[in-house]
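Me: I would like to learn how to read the features of a fold with some care, taking the cut-offs along with the descriptions. Could we go through one model together?

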Amino acid sequence: MSTKQEVTDIAIPDVDLSTANLLAEAMEATGLHDFGDESFREPFDVLLASLNSEANLNRGGRFGQYQRILNILINRLRVEAWIEKHPEILDEEIISPVVIIGLQRTGSTFFHRILAADKRFYAPLWYEVRNPAPTLDWDFTGKDARITSAEEEVTAMLAANPELAAIHPMDPVAADEDILLLEHSFYSTVPDAFCNVPSYGQWNDEHDNTPAYQYLKHLLQFLQWQKKKRGQLAERWLLKTPHHIHHIATLLKVFPDAKIVQTHRDPLQTIPSAASMNYNLWVLGSDDVDPKKVGEQWSAKYARGTLHTLNVRDQNPHAFLDVWYKDTVVDPLSSVKKVYDFIGMTLTDTARAAMEKHQEENRRDSRPSHEYTLEQFGLSEVGLKQQFAEYRKRFVEDA
């Protein structure tokens with residue numbers, strides 16, 4: 001008798017994760033041929049090689065990566081088609097974006113969404129970062145088909161692993177991380193979060209990520225144009241992703257007037273929590289996941305990222321503002337006020353009321369608790385204190 005898993009595997013098609021096939025399928029699906037800037041092609045090839053040789057994906061995992069990559073390529077094709085129809089998109093100015101950075105699990109999602117309640121900010125919404133380009137016949141009225149797609153994806157992910165609900169509040173229409181825009185350049189840590197792709201991660205670490213941030217700007221121009229078409233007229237972008245700590249010098253090169261808000265929490269708490277989050281993503285696509293390998297990869301990656309950001313901060317001290325996790329949890333609006341003072345905006349009564357409403361409607365205790373230990377992921381207090389010694393010396397009270 002076949003098991004339920006065997007029946008499920010049979011229902012999932014086997015897919016061709018090759019460069020030629022994915023490019024051809026994207027073009028066939030859209031009837032389009034211009035993928036935009038060619039800088040994506042080398043990391044694209046490296047990623048596919050790593051997925052095929054290292055990730056140890058099961059049939060569902062291979063199909064999931066195939067769908068995700070094909071979707072990225074389709075979005076790239078649609079982006080260029082929209083710009084060909086509306087070249088004024090490239091006239092959009094990205095002025096002094098506010099960028100929240102920091103280790104994963106420092107309360108940055110919660111803080112980002114509170115700030116995004118002020119509609120004077122353009123915030124990238126989850127359905128927009130997953131699919132920055134609407135279909136070419138979209139007229140910006142009625143319910144966006146991308147929202148329906150995002151709702152279905154969130155439902156499927158939570159059904160596959162309910163533990164994700166305890167780790168990250170997944171909301172298709174809430175503000176979310178612009179790393180999912182960077183993913184469209186094929187320079188990002190999104191693949192590393194979903195599966196074991198060490199050679200791709202190493203390639204990314206060792207290569208200049210300027211093309212990724214230039215493409216991020218490209219997509220922000222497109223999203224800003226879309227938001228204006230839907231009637232939103234904001235003042236500046238509010239971005240957030242931990243990924244930026246690895247490349248903050250590059251971000252400041254492409255967005256020289258950016259204002260950086262860095263969230264802080266002891267790596268002894270954040271790193272095992274981040275490892276747990278990524279482990280729960282890895283198991284969606286592989287039947288053989290070593291939690292210790294997840295912990296090793298992500299603690300090392302974030303140790304390098306924090307050192308990079310510390311060095312950049314020393315050269316650009318006026319570009320950074322510090323916010324502590326404990327403050328955002330106990331009294332988030334006090335930290336909000338610090339941000340507004342830093343960026344030179346007035347915290348209006350309207351904005352404050354919207355933030356208080358969001359806070360009340362999105363209480364942490366409305367979600368299940370997130371359980372994990374250091375030992376699960378091969379981590380120890382001694383080891384983390386060594387890896388993050390300089391960061392903890394500067395930003396952790398009892399270091």
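Reply: Let us begin with burial: a residue is buried under 20% relative accessible area, exposed over 50%, and partly exposed in between, with a 1.4 Å probe and protein chains only. Helices (H or I, at least four residues) and strands (E, at least two) are DSSP runs, numbered from the N terminus. This is a predicted model, in which local features need pLDDT of at least 70 and side-chain atom pairs count only at pLDDT 80 or more, while totals for chains, interfaces and linings use all residues. Residues are numbered from 1 along each chain as its sequence is written, and side-chain values use heavy atoms, with hydrogens and water left out.

Me: How many of the residues of β4 are buried, and which of them point one way and which the other?

Reply: In a regular strand the side chains alternate between the two faces of the sheet. Here, six of the six residues of β4 are buried, and the strand is mostly covered. Lys-259, Val-261 and Thr-263 point one way, whereas Ile-260, Gln-262 and His-264 point the other way, and all are buried.

Me: In what order do the strands of the sheet lie, and what is the sense of their pairing?

Reply: Strands of a sheet pair through backbone hydrogen bonds, either parallel or antiparallel. Two strands count as paired if DSSP finds at least two bridges between them. In this model five strands form an open sheet in the order β2-β3-β1-β4-β5, with parallel pairing. Its edge strands, each pairing on one side only, are β2 (121–122) and β5 (320–324). The pairing of β2 with β3 (residues 236–240) runs over two bridges, and there Phe-121 stands opposite Arg-236. On β4, the pairing with β1 has five bridges, with Gly-102 opposite Thr-263; the pairing with β5 also has five bridges, and His-264 has Trp-324 as its bridge partner.

Me: Which helices lie on this sheet, and at what angles?

Reply: Contact means heavy atoms within 4.5 Å. Axes are lines fitted to C-alpha atoms, for helices over the stretch in contact, and angles run from 0 to 180 degrees between N-to-C directions. Helix α5 (residues 108–116) lies across β1, β2, β3, β4 and β5, and runs at about 165° to β3. Helix α15 (residues 291–315) packs on the sheet as well, touching β1, β4 and β5, with its direction at about 130° to that of β5.

Me: How should I read a pair of helices such as α17 and α18?

Reply: Two packed helices are described by the angle between their axes and the distance between the axes. For α17 (residues 332–343) and α18 (residues 349–361), the angle is about 140° and the axes are 11 Å apart. Pro-332, Leu-333, Val-336 and Tyr-340 of α17 meet Ala-351, Arg-352, Met-355, Glu-356 and Gln-359 of α18.

Me: How many aromatic pairs are there, and why is the pair of Phe-40 and Phe-44 called tilted?

Reply: Rings of Phe, Tyr and Trp (its six-membered ring) pair if their centres lie within 6.5 Å; planes under 30 degrees apart count as stacked, over 60 as edge-to-face and the rest as tilted. The structure holds 18 aromatic pairs. The ring centres of Phe-40 and Phe-44 are 6.0 Å apart and their planes stand at 45°, so this pair is tilted. Phe-40 is buried, at 0% relative accessible area, and Phe-44 is buried at 0% too. Trp-138 and Phe-140 make another tilted pair, 6.0 Å centre to centre with 55° between the planes.
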